[in-house]
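Student: I've got a model open and I'd like to talk it through with you. Where shall we begin?

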Amino acid sequence: MTTIRILRTDVAIIGGGIVGASAALALRQMGLGVALLERDLCGSRSSGVNYGGVRRQGRPMSQLPLAQRAHRIWGRLPELLGTDGEYIRSGHFKIARSESDMASLERYRALSSDFDLGLELISAARLREQCPWLGSRAVGGSLCLEDGQANPRLVSPAFALAAQRAGAQVFERHKVDEVAHDGAMFMVRSGNALEVHAPVLLNCAGAWAGAIAEQFGETLPLRSGHPVMAVTEPVPHFMDWSLGVEGGGIYCRQVARGNLVLGGGAGIALDADRARVDRDAIATLAVQAVELLPALRHAHFIRTWSGTEGYLPDREPVLGPSRTTPGLFHGFGFAGAGFQIGPAAGEVLAELARDGRSSTPIEAFAIERFDPVSEPASTTASDALPH
Amino acid sequence: MTTTTTANELRPVIVGAGPAGVRAAQTLVAHGLRPVVIDEAPRAGGQIYRRPPTDLAQRTARTLYGFESKRADAVHEAFDALQGRIDHHPDSLVWNAQGQQLDVLHNPTRSTRRVPYSHLIVATGATDRVLPVPGWTLPGVYTLGGAQVALKFQGCAIGQRVVFMGTGPLLYLVAYQYAKAGVAVAAVLDTARLADQLAATPAMLTQPAVFAKGVYYVGWLRAHGVALHSGVRPLRVLGDEQQGRVTGVAWHDGHEERTLACDAIGFGYALRSETQLADLLGCRFDYAPMHRAHLPVRNAAGRTSVEGVYLAGDGAGIMGADAAEWAGERAALALLADSGMAIDTARATALEHRIDRLTTFRRGLERAFPLPQDWAAHAPDDLVVCRCENVTAGTLRQTIAVNGADEMNRLKALSRVGMGRCQGRMCGAAAAEILAHATGQSVQQVGRLRGQAPIKPIPIRLVPCTEGDA
Ligand SMILES: Cc1cc2nc3c(=O)[nH]c(=O)nc-3n(C[C@H](O)[C@H](O)[C@H](O)COP(=O)(O)OP(=O)(O)OC[C@H]3O[C@@H](n4cnc5c(N)ncnc54)[C@H](O)[C@@H]3O)c2cc1C
Ligand SMILES: Cc1cc2nc3c(=O)[nH]c(=O)nc-3n(C[C@H](O)[C@H](O)[C@H](O)COP(=O)(O)OP(=O)(O)OC[C@H]3O[C@@H](n4cnc5c(N)ncnc54)[C@H](O)[C@@H]3O)c2cc1C
């Protein structure tokens with residue numbers, strides 16, 4: 001009666017962001033069958049619209065093993081994806097605007113010394129000499145020479161294309177409407193078009209992953225956040241580093257064409273799927289930008305945008321096995337900082353799918369850190385076996 | 001707003017002081033309201049009735065607007081008569097809309113303020129629709145509208161010996177205006193075929209006076225020895241590399257390649273609506289086959305999908321200046337009715353009928369001056385489509401073939417087309433043609449670029465103004 005296509009495979013993935021797509025690629029490299037369902041276009045959400053910061057510096061210690069793993073993947077990008085995605089190890093410089101900022105950068109360097117980030121503290125005097133373009137509020141900072149930046153619009157779709165070339169079945173414009181588990185197999189259905197049956201399911205649905213988790217009785221305090229982005233017209237090239245500020249507020253980088261990409265502040269949600277910048281945030285960003293980089297005082301903003309990213313209260317992701325449903329693994333909630341670690345999160349999910357455990361420590365990201373499970377919200381998932 | 005609202009509580013804002021915006025303002029004032037009128041231009045009049053700066057106003061309306069001078073005078077006088085009864089913000093760009101407030105950049109002072117509104121009439125008009133030709137980035141190449149603005153606003157010509165090319169009603173009009181102003185018009189090169197024009201005649205005759213004007217321009221040009229070629233395919237703008245300027249143009253006339261010397265070119269393929277504000281306001285868009293574009297949806301009265309937001313004039317589909325006046329008045333009546341005020345419903349119906357009758361004529365125009373369907377097929381790979389980001393037709397095709405881009409926003413993300421200063425307002429139509437052609441889809445299927453603030457570039461160092469004191 002119905003012409004729905006049924007597909008059996010080893011692993012089903014919901015979400016074609018950088019996490020889901022890199023998991024698909026890693027799974028193919030392990031020789032497992034993969035079907036990825038993306039409701040829109042792969043890499044068109046957070047993963048494709050973010051600032052493009054590829055940095056380890058400043059991350060909590062819990063994330064550094066993952067970030068280091070990701071760093072190695074980023075280093076192999078052309079080989080992996082067939083494109084460099086404009087990834088460059090330009091250096092990431094974290095600015096201190098006070099002595100106490102400087103002290104906390106120093107503490108961070110000491111704390112992260114096990115991780116080989118190669119952080120170098122730069123004094124005010126040296127900064128003046130080396131970066132005459134930097135505004136006078138910077139009293140120093142910390143440089144991570146091997147951190148860098150990339151073009152998310154290119155990188156994230158490229159992960160999905162690479163996965164596809166490696167044999168993953170990628171279904172774009174396939175929204176997952178229903179998921180169920182019969183104790184052994186998952187059923188993932190997209191409208192009347194496709195039903196994927198697989199013993200393993202990866203929930204990589206970004207800011208929307210909470211709805212999937214809920215179907216398996218896992219309620220999470222996941223909320224959406226909307227970082228503000230703006231870009232200037234091209235100006236003569238003056239800056240190689242990607243800049244951040246200790247304590248947050250603003251970050252910026254200059255791309256090869258000369259445009260500056262800036263971020264900072266929070267935007268507004270138009271609906272569950274779409275977001276836009278906020279006028280006050282643009283104003284604040286503009287003031288901070290000129291203060292940080294006086295060269296920008298005559299520049300124009302030509303475009304602004306935002307995106308929708310998932311945040312958990314402790315700003316750590318959920319990465320690991322479901323606690324209700326064997327074979328289900330989550331990877332979401334990257335709190336505005338998942339672009340750099342995304343490819344490593346993908347590899348970890350692939351390992352979990354194959355072996356049930358990962359070679360990178362992920363205990364800090366266990367779903368168990370939240371409240372106990374509730375009743376499954378969906379009857380279709382009611383067969384799920386709590387473990 | 002509910003029916004209990006009084007006139008004093010309403011804060012209607014009109015964006016655009018062209019024929020649509022002016023008539024909307026006049027109608028609101030006649031009903032006792034005090035609208036805010038915001039326009040980027042220093043003086044009201046819009047595109048067609050653009051007024052030169054006061055210190056340059058030595059040319060009479062008759063020389064500036066020709067047959068349109070009476071209408072121009074009428075619109076200008078209507079606007080001037082509103083002084084003191086509206087709040088006019090000239091030189092003011094609406095660059096963002098958020099939460100019932102517009103963000104407005106006052107250009108001379110680079111200051112920005114928020115203008116709250118209870119109701120909004122969007123009458124943002126149109127700009128040229130561009131299909132690039134190799135060499136179009138050379139100095140000396142202008143759009144038809146740009147060429148006309150130079151003449152109307154600044155009182156100067158784009159060159160001494162000018163070729164006008166492309167298609168659309170503006171093609172012959174601007175050529176005529178230039179020739180009348182004493183500029184040597186070397187040729188008019190129309191991509192439409194005579195057969196197109198003949199086939200469209202019955203529809204065009206539904207507006208005999210307008211049709212007659214068009215016939216008159218063509219006849220006048222011919223009588224004054226201007227070469228008129230139809231059914232051409234523009235090949236390239238010839239340029240002097242040293243001087244970096246136009247030296248001529250090459251085209252195909254159906255049989256052979258031909259060239260002609262000139263020092264400036266005005267080109268364009270009719271107009272495209274300015275829709276970003278409607279987009280930022282959240283208006284629903286739909287594909288409009290007659291306009292070959294995705295446009296904000298409005299009903300016959302000008303109501304959009306967003307409560308309290310109305311559209312009038314060319315900003316929601318190119319219908320011309322007369323229809324813009326009627327649509328402006330009609331939208332204002334809708335706003336008044338929605339606010340619980342008594343309006344002349346017979347007048348409202350009559351306006352709708354007039355606009356409706358014009359639609360047949362508009363179809364005729366599209367038929368007479370169709371967008372060349374084979375443009376994308378002939379666009380060479382090294383043709384720059386997006387000037388801001390220097391994206392060529394070849395890059396677009398490559399992006400489509402290699403990365404599988406099949407939709408406008410994906411094409412933008414992967415190729416940078418439409419990412420520069422103009423945000424796709426100039427290159428969007430051409431990029432959509434290339435994408436549709438390369439993927440075998442319709443222009444409807446490839447979708448449209450999503451709008452983002454700012455509508456036009458804004459200085460990073462904006463001076464904030466006291467809030468809300470519009
Ligand atoms: C504006 C912005 C700036 C940022 N800047 C940085 C930065 O500089 N550096 C950094 O490291 N990180 C940054 N981040 C964070 C980073 O972009 C994200 O953490 C990362 O991209 C998350 O990847 P993801 O794959 O989990 O999510 P996403 O990219 O959001 O992918 C999830 C996908 O799931 C799909 N989906 C959802 N529900 C369904 C369903 N039911 N069926 C099918 N598909 C579904 C969505 O369409 C989406 O494509 C930023 C984020 C934003 C929004
Ligand atoms: C360059 C050009 C020349 C034309 N010449 C002719 C002609 O000679 N004869 C003819 O019949 N038709 C001509 N047309 C078509 C004619 O202009 C329109 O049919 C008519 O003007 C439509 O009126 P309108 O009120 O809808 O918009 P317009 O007259 O286009 O007025 C729109 C106004 O909105 C303002 N505006 C737009 N966006 C913003 C913003 N974000 N913030 C603030 N202000 C904004 C603009 O500055 C403009 O003044 C021309 C069109 C163009 C573009």
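Predicted model: local features only at pLDDT ≥ 70, side-chain atom pairs only at ≥ 80, totals over all residues.

Student: Which polar side-chain atom lies 2.5 Å from an oxygen atom of ligand 1?

Tutor: Two side chains are worth checking here. A:Arg59 has a polar side-chain atom 3.4 Å from a ligand 1 oxygen. The 2.5 Å distance belongs to a polar side-chain atom of A:Ser47.

Student: And how much of ligand 1 does the protein bury?

Tutor: Start from ligand 1 taken alone, which exposes 1000 Å². With the protein in place, the buried part of that is 97%.

Student: Which residues come closest to ligand 1, and how do the residues of its shell divide by class?

Tutor: The shell has 35 residues, with A:Glu38, A:Ser47, A:Val176, A:Glu309 and A:Phe339 the closest. In chain A, helix 1 (18-29), helix 2 (46-49), strand 15 (227-232) and helix 10 (338-355) each supply at least two shell residues. By class, the shell comes to 15 nonpolar, 14 polar and 6 charged.

Student: What share of ligand 2 is buried?

Tutor: Ligand 2 exposes 970 Å² when taken alone. Of that area, the protein buries 91%.

Student: Which elements give two or more residues to the shell around ligand 2?

Tutor: The shell holds 30 residues, and those nearest are B:Ala20, B:Asp39, B:Gln148, B:Leu173 and B:Asp314. It splits into 14 nonpolar, 12 polar and 4 charged residues. The elements, from chain B, are helix 1 (19-30), strand 4 (92-98), strand 8 (126-128), helix 4 (144-154), helix 5 (169-180) and helix 9 (321-338).

Student: Now the two chains together. What area is buried between chain B and chain A?

Tutor: The contact takes 34 residues from chain B and 32 from chain A. Carbon and sulfur atoms give 48% of the buried area. The area itself is about 3000 Å².

Student: Which residues of chain B lose the most area to chain A?

Tutor: Three residues together make up 25% of what the chain B side buries. They are B:Gln98, B:Arg410 and B:Ile460.

Student: How many salt bridges are there between chain B and chain A?

Tutor: Over all chains the count is 38 salt bridges. One that joins two chains is A:Arg279 with B:Asp103, because A:Arg279 lies in helix 9 (residues 279-292) of chain A and B:Asp103 in strand 5 of chain B. Their side chains meet at 2.6 Å, N to O. Between chain B and chain A, the count is 5.

Student: Which element gives the largest share of the side of chain B that touches chain A?

Tutor: There are 15 residue pairs in polar contact between the chains, both residues at pLDDT 80 or more. Elements giving two or more residues to the chain B side include strand 5 (101-106), helix 12 (393-403) and helix 13 (408-415). The largest share, 4 residues, comes from helix 13 of chain B.

Note on methods:
Residues numbered from 1 in each chain as written. Chains lettered and ligands numbered in written order. Heavy atoms only, no water. Near = heavy atom within 4 Å. Areas by Shrake-Rupley, 256 points an atom, 1.4 Å probe, with all protein chains shown as cover. Nonpolar A, V, L, I, M, F, W, Y, C, P; charged D, E, K, R; others polar. Contact = heavy atoms within 4.5 Å. Buried area = accessible area lost by both parts, 1.4 Å probe. Salt bridge = Lys/Arg side-chain N within 4 Å of Asp/Glu carboxyl O. Polar contact = N/O pair within 3.5 Å; in protein donor to acceptor, adjacent residues only side chain to side chain.
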